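Here's a quick tour of the open spaces and the ligand site in this one. Have a look at the model first, then read on.

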Amino acid sequence: MLQDAPTACLRSPLDVVDLTFDWPTGQPALRHCNLRIPRAGLWMLVGSNGSGKSTLLRCIAGLLEPQAGRIDTVLRPALVFQNPDHQLLLPSCGSDLMIGLRGQMGLMHRQLAVHQALGQVGLLGFEQRPIHTLSGGQKQRLAIAGTLAAQADLLLLDEPTALLDPESQREVLHLIRRLCSGSDKPLTALWITHRLEELDLCDGAALMEAGRLGPWCSGASMRSQLAPLPEGQA
Ligand SMILES: Nc1ncnc2c1ncn2[C@@H]1O[C@H](COP(=O)(O)OP(=O)(O)OP(=O)(O)O)[C@@H](O)[C@H]1O
Ligand SMILES: [Mg+2]
């Protein structure tokens, strides 16, 4: 189990307490689910299909209302989906980011905010690029830029690399790793994956089983726990 004693006195970026969620069909998805993120960083969730990972992220994002339990966070959550086509709306990169900006800003400040968000994800100068001309990996990085432009600091990533080739997968993973590291306002990310090799870059990993999360452990330890699975998948 991970030791978080040095940070135990600090406020957790995200505390999920005893969450229960049943779908209207009666299908239970979360069962007294607890999750406490000890500090900013990259935290990964693994678990078999249907164990409740996506439902948990949707509850944290405020898209679903749990029947019981509570979610405490001072952070601003934003979801990143497996398929970026499901969240990119407008035709050009710049216009897509522009609509997600928060607060009242003059045009120059809006353009600067878009420019900065694109720079943070390695898409500097892409303001005018039509989204349909981007590769899958670039689209996913643009979706992440959208969360940054919206000033989110709790990124909820639901298998963000599942549709990407190995190089784009690495780029997106290392981008999030970078955004969640360092001393200057590191972000907090909760990342769902079935790809065991991604666990190597996390600050901690937890296993979801039948709507409940187990304790945090290191990525390496989670990887060795799950490695004997027949198809090598979490
Ligand atoms: N819209 C829905 N209506 C009814 N039941 C649903 C709905 N979405 C998910 N479920 C059910 O809720 C449970 C948890 O699903 P969820 O999608 O959260 O699992 P998951 O861990 O994300 O799985 P996967 O790894 O396949 O993405 C499953 O039993 C699933 O069938
Ligand atoms: Mg899912």
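The second largest pocket is lined by P13, A40, L75, D153, R178, L179, S181, D184, K185, P186, L187 and T188. Keep in mind that this is a predicted model. Sorted by class, that lining has six nonpolar, two polar and four charged residues, and the space in this pocket comes to about 240 Å³.

Now for the largest pocket, with a volume of about 320 Å³. Its lining takes in 17 residues, and Q87, D96, A143, G146 and T147 are the ones nearest the centre. Two or more residues each come from β5 (77-80), α2 (93-100) and α4 (136-149). By class you get 10 nonpolar, five polar and two charged residues in the lining of the largest pocket.

On to ligand 1. There are 14 residues around it, with N49, G50, K53, S54 and T55 coming nearest. Helix α1 (residues 53-61) is the top contributor to the shell around ligand 1, giving three residues.

Which side chains put a polar atom 2.9 Å or 3.1 Å from an oxygen atom of ligand 1?

| Side chain | Distance to an oxygen atom of ligand 1 |
|---|---|
| W23 | 2.9 Å |
| Q27 | 3.1 Å |
| H194 | 2.9 Å |

On its own, ligand 1 has 630 Å² of accessible area, and the protein covers 66% of that.

How values were computed: Residues are numbered from 1 along each chain as its sequence is written. Chains are lettered from A and ligands numbered from 1 in the order in which they are written. This is a predicted model: local features need pLDDT of at least 70, side-chain atom pairs count only at pLDDT 80 or more; totals for chains, interfaces and linings use all residues. Side-chain values use heavy atoms; hydrogens and water are left out. A residue is near a molecule or strand if one of its heavy atoms lies within 4 Å of it. A polar contact is a pair of N or O atoms within 3.5 Å; within protein, one must be able to donate a hydrogen and the other to accept it, and residues adjacent in sequence count only if both atoms are side-chain atoms. Accessible areas come from the Shrake-Rupley method with a 1.4 Å probe; for residues, only the protein chains shown count as cover. Helices (H or I, at least four residues) and strands (E, at least two) are DSSP runs, numbered from the N terminus. On a 1 Å grid over the protein atoms alone, a cavity is a set of points where a 1.4 Å probe fits but cannot get out, and a pocket is an open set with protein on both sides within 12 Å along at least five of seven lines; lining residues have an atom within 4 Å of a point. Grid points are joined across faces, edges and corners, and a volume is the space filled by probe spheres set on the points. Ala, Val, Leu, Ile, Met, Phe, Trp, Tyr, Cys and Pro count as nonpolar, Asp, Glu, Lys and Arg as charged, and the others, Gly among them, as polar.
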